[in-house]
Amino acid sequence: MISAPAYDLEKVRADFPILSEEVRGQRIAYLDNAASSQKPRAVLDAVDHVYETGYANIHRGVHVLSERATEHYERSRRRMAKFIGAQSADEVIFVRGTTEGLNLVASSLGRYALHEGDEVLLTGMEHHSNIVPWQMVADLTGAKVLAAPVTDRGELDMDGFAALLSDRTRIVSVVHVSNALGTVNPVDEIARLAKERGAYLVLDGAQAAPHLKLDVQALGCDFYCLSGHKMYGPSGIGVLWGKKRLLEAIPPYQGGGEMIRTVSFEGTTYAEPPAKFEAGTPNIAGPVGLAAAADYLDGLGIPEVAEHEARVREYAESRLAEVPGLRVVGTAREKAAVVSFVVDGVHPHDLGTVLDQEGVAVRTGHHCTQPLMERFGVPATARASFGLYNTEAEVDRLAAGLRTALELFRP
Amino acid sequence: MNDALRDLYREVILDHSRRPRNYGAMDAANRQSDGFNPLCGDRLRLFLLVEDGAVRQASFVGDGCAISTASASLLTEAARGLPEEEALQLVENFRGMVSGEGEPDGASLGKLTVFAGVRDYPTRVKCATLAWHTLRAAIEQSGETVKTE
């Protein structure tokens, strides 16, 4: 590789304690970042700091620890609003992750907007978490769920997408970056088409957040969901962003403490967003870790991270091309740091086991995208997914592990 | 290649995964059951011909990893000729061996002891047991797709 590195990779790797872990006598080569990413020391410390210096329940205590915890929590909300380009912090709802964010939108927006005969348009490359919640609310409302076709390259078939849009389309919900293939979808064009029909646009940003600089207002969507754990933050925390007027209009998701204004047996009135969608004691330290992850990513620069990852991915694609009988599934022109592949005569599950023995962590399976696997006629794939700390040397270990698998399984 | 891998992928397993025995649908079958592992997408359909309370023939079709394919293939050989009760005992014996919950009874497991190494790979236990759960369902005629969950 000739071009200069985007940042000091060795220094960055030293920020992640787990990358020094040894597995069977070797450093772990962690190539499963699309499933979940590892955490830098700054995130771990930020979470500890809350518990050590300012932890109590939030928004209700008059005592100093509650005030500190509330400040930690709300400062994190403001930080995440800035990270995604929200107009105000009130548009940032803390959720457990993208799955909960999508369930919230499907349930609340679905009950608000969907009626018998209405349609929700998805795509054939959605994660199950952007399919099943819509099916559930469609069952309740009598709406129909449609899926736009995917091309052989693993791109969204935009003609097919446009053809499925109609005046019955009330909601369009699309993955920003495909977890299984790495495809970056043309969300600007999708937003334009959805708006023409007056449909609400929901984007699943679980895979986009660690790779793309987000500006939810410029994207032209109405709701955006992301997961902290995929962007180097803690697990169990994520963000749902929604346009303020919509968050005000749609009904709450869960009922309980914090989300009410007044409660009586005659009737209850709800708090304003974001409290309206945060029933119960939330994950208090999680947002602080997430905000620290946002700081960490912005400190390196997301464009620099993306540039580094693109280099590692391209190197991986060139190394994998040397493996006889290997086929990359998903060759979109716009791709994030994912290479999904199958190898003739070797089941992905067996590949995963062999690679694990070599200390190389990849994901194998259907990646919670069964319709997409069906589309490509494979039961499963192996997937290497890269993060800001991965190296070309780790890709070499992946390639060597694949050679071992071939030796073992090909007679 | 390390010894742990050789221990898991024994020659017999590799051989049966490459050339599964008794592969194909069976017209004469009077029992049939489907198995599905939602975790990895492995699926198989097991066919049995049961006469006079014993398994006369077994065959399967399906799509899965080396462990699950070899397990199904060896199952079709092992089950043949077994009275239903003994086949069910073999299911338990096999499950005990690969899950590490039981001491394998080598005598009744015979060739199936090649799967003993699976116990060191907790994520692969379900691959090995899929066909066996499906055998139990076929014998008990539950008629439902077996899921390894």
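## Exercises on packing, pairing and contacts

The structure is a predicted model, in which local features need pLDDT of at least 70, side-chain atom pairs count only at pLDDT 80 or more, and totals for chains, interfaces and linings use all residues. Residues are numbered from 1 along each chain as its sequence is written, with chains lettered from A and ligands numbered from 1 in the order in which they are written.

**Exercise 1.** Describe how helix 2 of chain A packs on helix 10 of chain A.

*Solution.* Start with the geometry. Helix 2 (residues 41–53) and helix 10 (residues 285–300) of chain A pack at about 150 degrees, and their axes are 8 Å apart. Helices here are DSSP runs of H or I with at least four residues, strands are runs of E with at least two, and both are numbered from the N terminus. Axes are lines fitted to C-alpha atoms, for helices over the stretch in contact, and angles run from 0 to 180 degrees between N-to-C directions. Helix 2 of chain A is therefore roughly antiparallel to helix 10 of chain A (over 145 degrees; under 35 is roughly parallel, 65 to 115 roughly perpendicular, the rest oblique).

Next, find the residues. Helix 2 of chain A brings A42(A), V43(A), A46(A), V47(A), V50(A) and Y51(A), while helix 10 of chain A brings A285(A), V288(A), G289(A), A292(A), A293(A) and Y296(A). Contact requires C-beta atoms, placed from the backbone, within 7 Å. By class, this contact has eleven nonpolar residues, one polar and no charged. Nonpolar covers Ala, Val, Leu, Ile, Met, Phe, Trp, Tyr, Cys and Pro; charged covers Asp, Glu, Lys and Arg; the others, Gly among them, are polar.

**Exercise 2.** Which partner helix does helix 11 of chain A cross at roughly 25 degrees?

*Solution.* The partner is helix 14 (residues 392–409) of chain A, and the two axes come within 10 Å. Helix 11 and helix 14 of chain A are therefore roughly parallel, and their crossing is right-handed. Among the residues that meet are V312(A) and Y315(A) of helix 11 and V395(A) and L398(A) of helix 14. This contact has seven nonpolar, no polar and three charged residues.

**Exercise 3.** Which element gives the most to the side of domain 1 of chain A that touches domain 2 of chain A?

*Solution.* Begin with the division: domain 1 is 9–30 + 301–409 and domain 2 is 44–298 of chain A, with bounds from an automatic or database domain assignment. Then count: 23 residues of domain 1 are in contact with 23 residues of domain 2. Helix 11 of chain A gives the most on the domain 1 side, with five residues.

Note on methods:
Contact = placed C-beta atoms within 7 Å. Left-handed = near helix turned anticlockwise from the far one by under 90°.
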